[in-house]
Amino acid sequence: MRPLSPPPARVLDVARAQAGLITTAQCEAAGMTRTRLARMARQGRWVRVAPSVYDTDPVPVEHRERPDLFDHRRRWSAWRAVLALGPNAMPVGQSALVFHGVRGLPVRITPEASLPGAARLQPDVAVVRQYDPATPTKLVAGRRVPTVLHALAQAVPTLDRRHAVAVLDDAVHQGLITRAQVEQAHDLARGRRGVERTHAWWQLVDGRAESPLETAVRLECIDADVPPDDLQRVLVDDRGTFLGRGDMVWRLPDGRWFWLEADGSEVHTAPAALYEDRRRQNALVADGGVVMQRVTGRDLYGPVGLGHQIAARLRNLGWVPGQPLPQQPSTLRARDPYRSTGV
């Protein structure tokens, strides 16, 4: 049997933009015959993951190794839902947030799509929603998608508290919506199934969190009655040199700062980032002006709640709420041990 030649470049380009997925119709439109597609599937090069939908990577999505694995799983799930339901399917809710690039969703999202007219059921692939056809949309990756505002109104009632606040925080942080528009999204969500339990969550949105992990840690602290005094607080030395920005900080009665950094692996695992983090930390704690603690996602799942651990440490340091905060940036007389050596 003659070796099977690679698929046309146009086919691979389409699949690459859709988390590696492609439909039979898209293959034909890009110049690939059904016969060749059948051979690709028969030889295990591609895998059928829904009626007329193929994955161009034969490795199951849960077993793939890539730096953006969790984001890829979410994109894969959202794309499979809309491709399986046909060209008129629109991602909604959690799937719509994936299309918009909003972070903070669960690793395993609920794949949701909406169809005009009668629903074409794909219970193993997607939850088919019925939404007002007049819902405002925008074009994202070639698909009509509800605006971020409406996607949040659809998705938040389907999420737990941590993920709901995380996606709202991230949408504000990315500038996809304003802080004032959070309340608009809340109003749009009123009356939806599950929204009753979320009413207090919308008030927890801040928008300064630079990662979903920071949102999760902040919620842990709020639940332990030690809400941060400030977020993203900038510290400089007495010469105005930038020393760092604290994810979450508490002002201690003696003038020091308790500084909590939430380290997401995607940011802090590269050697250059590790070196810079170490340099900054040494500069900040050199003269005792900062008490620092660093946490990762693993700390959220320890036997003792992370918020209670932080609360205990703050009590030992004498923290009390309501300490007056200096204006940003705050000056810290810190010695940088590397400055004199030129390192």
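Colleague: By class, which residues make up the lining of the largest cavity?

Modeller: This is a predicted model. Start with the general idea: rolling a probe the size of a water molecule over the atoms shows where empty space is left. Here, the lining of the largest cavity has 3 nonpolar, 1 polar and 3 charged residues. Those residues are Ala209, Glu214, Arg218, Leu231, Gln232, Asp247 and Met248. Helix 9 (212-223), strand 9 (230-236) and strand 10 (242-251) each give two or more residues to this lining.

Colleague: How many cavities of 30 Å³ or more does the structure hold?

Modeller: A cavity is a space where the probe fits but cannot get out. The structure holds 1 of 30 Å³ or more. The volume of the largest cavity is about 30 Å³.

Colleague: What about pockets? How much space lies in the second largest pocket?

Modeller: A pocket, by contrast, is open. The second largest pocket has about 330 Å³ of space. Its lining has 19 residues, and Asn88, Met90, Ser114, Leu115 and Pro116 lie nearest the centre. By class, the lining of this pocket divides into 8 nonpolar, 8 polar and 3 charged residues.

Colleague: Which strand gives the most to that lining?

Modeller: Strand 8 (residues 143-146), with 3 residues.

Colleague: Now the whole chain. What does its secondary structure come to, and what share of its residues is buried?

Modeller: The chain has 12 helices and 13 strands. Buried means under 20% relative accessible area. Of the 343 residues in the chain, 49% are buried. The accessible surface comes to about 17,100 Å², with 52% belonging to carbon and sulfur atoms.

Methods
Residues numbered from 1 in each chain as written. Predicted model: local features only at pLDDT ≥ 70, side-chain atom pairs only at ≥ 80, totals over all residues. Heavy atoms only, no water. 1 Å grid on protein atoms, 1.4 Å probe; cavity = no way out; pocket = protein on both sides within 12 Å on 5 of 7 lines; lining within 4 Å. Points joined across faces, edges and corners; volume = space filled by probe spheres on them. Helix = DSSP H or I, 4+ residues; strand = E, 2+ residues; numbered from the N terminus. Nonpolar A, V, L, I, M, F, W, Y, C, P; charged D, E, K, R; others polar. Buried < 20%, exposed > 50% of the residue type's maximum accessible area, 1.4 Å probe, protein only. Areas by Shrake-Rupley, 256 points an atom, 1.4 Å probe, with all protein chains shown as cover.
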